[in-house]
Amino acid sequence: MSNSGGKQRQSNNSPFSGAQAAHTLGPNIPSSVYPKDTVRDVAESLGITNMRDNICVALATDIEYRIRDIVESASKYMKHAKRTRMTTADIDNALRQKNIEPLYGFFPPYTSGQKNGPWFRSVPTPSGAPLYVMEDEEINFDNILEHGPRVGVGRGVGWHAHWLAIEGIQPPIPENPVPLARKMGTTTAADDASLTDAGEAAAELGNTAVKPLVKHVLSRELQLYYERLTSSILSPPTDAKKESDVSLPQDIVPLSQYTSLSSGNLVRDAALASLRGDAGIHQLVPYLIQWVGSNVIHALRADKEDKKTAEAQQGMLELLSTMLSTLHALLINPSIFIEPYLHQLMPSVLSILLATYFTPDETPVEASIETQAYRLRLYAAALLAHIIDHFAEFYPTLKSRVVATLVQALLLHVDDGSAKQVPDASGSIDAKLGALMGLRRLGPSSFKTLLGPVPVQSADAAHTELIPLRVMGTWLAENQDATKRIMQEITAGLRGLDTDVAEPDPEAVKTVYGAFWTDVLDKELLAVLAHYHTLIAS
């Protein structure tokens, strides 16, 4: 009984009896030193609203219990240290004893005089309850600026950009000195200015033979890759041929369909696939484009004796198709910066589109060869449209210059067979056919250029305006048996244009575009001509 009574008396006299009463007495919770309003403010800052008073009182009592527990533990550390003032170090030790994260930012006073402990100043409040705040030291900036160290004003930070390397070649600018000249250590500033590249620097060292630039720029691995790639594309092994059909599409299709076509040889397909996706061949791009251009020129300028047989004609068309596939693979490679080389690859595409493959005095061309040549021009027109669609944003005049080139090919006179080489016959029937195919592939905005006046320069250097469709009508009236594909391209292009004229006036169309078109075109196409003539005239 005495023991139980002693425990009861200890519980009643204990400072933590409020926390135990909170669990036994229910709503009869004694008042706490910790204010319930503070609990409510903290709850509202956490998004907890409408907290009842009895809950706030219970939480305040529990908080007071925790604080008293920590203070009692801290007082033990203070007594063991034989001190009469409690420090923040005692609170930290008490928190660590109870596995609680200590309060950072408060340092003890025993730091060899380098840091002083925090000093709390009492501030009066309207309610009369004391409020303690940390004393902030006021810093006088006037004293710091007057007696502090003097720092001079510098010149400021400046910078400028220069090319470290362009396409793998270091430009000869003062920021990039020539390595060979710097190694000698005997050149002056004037000598450095005279050395424009590494080749001249090597020559200054004493009649040193300068090798071709490709031997210095391309690594041995890239040279081997280039040789293996070109041989796989141009002359792959015959035992790797496919049995599937490798003919090109015979109508206007998206360029993506040409990507999925096979070239008829597994090795060549692998080489083209490497060009389409390899990210490490950027240094080979100018050499590959030059290689394609030389092969196109060689195929078009072959002697007439070499193109008399059907096998030779088909071989030439296959070579041109392979060169187009190579350019196509380079253009769609996302890892290659192809824009600086557009002026080098455009002649190859336009040559395949506009050139005459077979001269009139050669052996008559079979129908299958003519169909293959027409499909090849369709491929070139699709590739030309792809170039303009993707790069016209960076070169605003690209489309207008290409359209002007195609219109010029339509207005040139037809070669009479006196040209010694095929590319010299720029005004051939095939050139007109290729120009029409290119304009049609570029869209209605380009094809309707044929319906309006175009400025041209005559033989006597006088500038005149001609309507390309009228000139074509006059030429077709004199050469109706030349080819029917030209008429097919013109009618297909006209049907792609819009019109709002229901009843065209044939006489007005005849006056503007000539009598040939009023005789061969139906009412719908005459309405197109009348509509655009009205727009141009207005």
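**Loops, cores and ring contacts in the predicted model**

Asn99 lies in the loop between helix 5 and strand 1 (120-123). In this predicted model, the phi angle of Asn99 is near 60 degrees, a positive value in a residue other than glycine.

Asn99 lies in the loop between helix 5 and strand 1 (120-123). In this predicted model, phi of Asn99 is near 60 degrees, a positive value in a residue other than glycine. Lys82 is placed in the loop between helix 4 and helix 5, and its relative accessibility of 77% makes it exposed. Helix 5 itself (residues 88-97) has as its buried residues Thr88, Ala89, Asp90, Asp92, Ala94 and Leu95. These buried residues pack against helix 4 (53-80).

The protein as a whole comprises 25 helices and four strands. Of its 538 residues, 35% count as buried. The accessible surface comes to about 33600 Å², and carbon and sulfur atoms account for 55% of that area. Among contacts between residues at least 6 apart in sequence, 62% join residues at least 24 apart.

In soluble globular proteins, nonpolar side chains tend to be buried together. The largest nonpolar core of the model has 101 residues, and those with the most contacts inside it are Ile338, Tyr357, Leu406, Trp517 and Leu529. Helix 17 gives the most to this core, with 15 residues. When residues up to four places away in sequence are not counted, Ile338 touches Val285, Ile289, Leu330, Leu331, Leu345 and Phe391. A second, separate core consists of five residues, among them Val39, Ala43, Met51 and Cys56.

Two aromatic pairs are present in the structure. One of them is formed by Tyr258 and Tyr379, which are stacked, with 4.3 Å centre to centre and 0 degrees between the planes. This pair links distant parts of the chain: Tyr258 belongs to helix 12 (residues 255-259) and Tyr379 to helix 17 (residues 367-391), 121 residues apart. Tyr258 and Tyr379 are both buried. In the pair of Phe516 and Trp517, the ring centres are 5.0 Å apart and the planes lie at 80 degrees, so this pair is edge-to-face. Phe516 is buried, with a relative accessible area of 13%, and Trp517 is buried at 0%. Trp517 is also listed among the residues with the most contacts inside the largest nonpolar core.

Charged side chains are also found over aromatic rings. The charged end of Arg485 sits over the ring of Tyr374, 4.2 Å from its centre. Lys432 lies over the face of Trp475, at 5.5 Å from the ring centre.

Ile467 is placed in the loop between strand 4 (463-466) and helix 21 (468-478). At a relative accessibility of 18%, Ile467 counts as buried, because the cut-off for burial is under 20%. Gly452 is 15 residues from Ile467 along the chain, and the C-alpha atoms of the two are separated by 5.5 Å. Leaving aside residues up to four places away in sequence, Ile467 touches Leu450, Leu451, Gly452, Pro453, Val512 and Tyr513.

Val512 and Tyr513 are buried residues of helix 23 (residues 506-513), as is Val509. Seen down the axis of helix 23, the buried residues fall within an arc of 75 degrees and therefore line one face of the helix. An α-helix has 3.6 residues a turn, so residues three or four places apart point the same way. The face of helix 23 turned away from the buried side carries the exposed residues Glu507 and Thr511. Helix 23 is followed by Gly514, whose phi is positive, near 100 degrees.

Terms used:
Residues are numbered from 1 along each chain as its sequence is written. This is a predicted model: local features need pLDDT of at least 70, side-chain atom pairs count only at pLDDT 80 or more; totals for chains, interfaces and linings use all residues. Side-chain values use heavy atoms; hydrogens and water are left out. Rings of Phe, Tyr and Trp (its six-membered ring) pair if their centres lie within 6.5 Å; planes under 30 degrees apart count as stacked, over 60 as edge-to-face and the rest as tilted. Helices (H or I, at least four residues) and strands (E, at least two) are DSSP runs, numbered from the N terminus. Buried means under 20% relative accessible area, exposed over 50%, partly exposed in between (1.4 Å probe, protein chains only). A charge sits over a ring if NZ of Lys or CZ of Arg is within 6 Å of the ring centre and within 35 degrees of the ring normal. Contact means heavy atoms within 4.5 Å. A nonpolar core is a set of buried Ala, Val, Leu, Ile, Met, Phe, Trp, Tyr and Cys residues joined through side-chain atoms within 4.5 Å. The arc is that of the directions from the helix axis to the C-beta atoms. Accessible areas come from the Shrake-Rupley method with a 1.4 Å probe; for residues, only the protein chains shown count as cover.
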